[in-house]
Amino acid sequence: MTFRELARQERTLLNRALDRWGAFDALKEKAFLTDGKHVCLVSQELAQVAMKLQPDECGLAIGELGKQFSPTLAGAGLFSRLSGGGRYYISVGDGAEQLVLYGRDVMGDSITNAAPDLDENEPVIITNRAGEAIGIGRTRFAGKSLLQKGRITVTTLVDAGSYLRDEDAEGRTKLARKPGSSRSGHS
C-alpha cells in the first residue's frame, strides 16, 4: 500500500461523512491518510513518517472511500464516542445487543431510540444503551415504521462480535492443523 494525503474531493467526501456522523467538529483539524480505498486517522507526526516509510498499516482505519464514505466498526466506535449519538444512530435494548453481537438483524420492537425522520435504506450506527457502537446497519423502513413489532427493520451489516467469531474460528483452524497433534490422544 502507498499512503498519501487525501485529495480535495476525497477530503470533501470524508468531511460530509464526519458531519453526518456528528464527528466533524472534533476531527476537522486532524490528519488522515489513504491508500486510495482505506482512510486512516493519524497524528501529524505519524502522517509525515508514514508517507516517507510507507508501512503496511498506520493509524486507525476509520472507513473506506467509494461513492460514499463507509465507516469501519472502529470508525463507528470513534464517531459514537465523539458525537454522543444523533440522527444516524439507533439504540437497542440489552437483549437485542446480544443478538446484534451474534450478527443478527434488529427487530423494530427492540429499538429504544431512533430519529423519527430516518429514511429507508439509510446507513446507521447501532449502539447499546450505553451509547457504545456495536454494529453498523441499514434501515429497511422509514420513520416510525422502524419501530414495528415483530419485524426486522434494520439489517446488521457489520457487528462487533464478528471479530470474536473470526478469532475463535481461526484458533480452531490452527488447533486442528497443529503439527504433531493427535485428535484421538494416541501417538
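A salt bridge here is a side-chain nitrogen of Lys or Arg within 4 Å of a carboxyl oxygen of Asp or Glu. By that rule, the count is five. One caution before the details. This is a predicted model: local features need pLDDT of at least 70, side-chain atom pairs count only at pLDDT 80 or more, and totals for chains, interfaces and linings use all residues. Residues are numbered from 1 along each chain as its sequence is written, and side-chain values use heavy atoms, without hydrogens and water.

Take Asp117 and Arg87. Their closest N and O atoms are 3.3 Å apart. Asp117 sits in the loop between strand S8 (111-114) and S9, and Arg87 in the loop between H4 and S6, so the bridge ties together parts 30 residues apart in sequence. Helices (H or I, at least four residues) and strands (E, at least two) are DSSP runs, numbered from the N terminus.

Next, Arg129 and Asp94: 3.7 Å, N to O. Arg129 is in the loop between S9 and S10 and Asp94 in helix H5, so this pair links parts 35 residues apart in sequence. Arg129 is exposed, at 57% relative accessible area. Exposed means over 50%, buried under 20%, partly exposed in between (1.4 Å probe, protein chains only).

What is the size of the largest nonpolar core? It has 35 residues, and Phe32, Ile62 and Phe79 have the most contacts inside it. Such a core joins buried Ala, Val, Leu, Ile, Met, Phe, Trp, Tyr and Cys residues through side-chain atoms within 4.5 Å. H1 gives the largest share, four residues. Phe79 is also one of the buried residues of H4.
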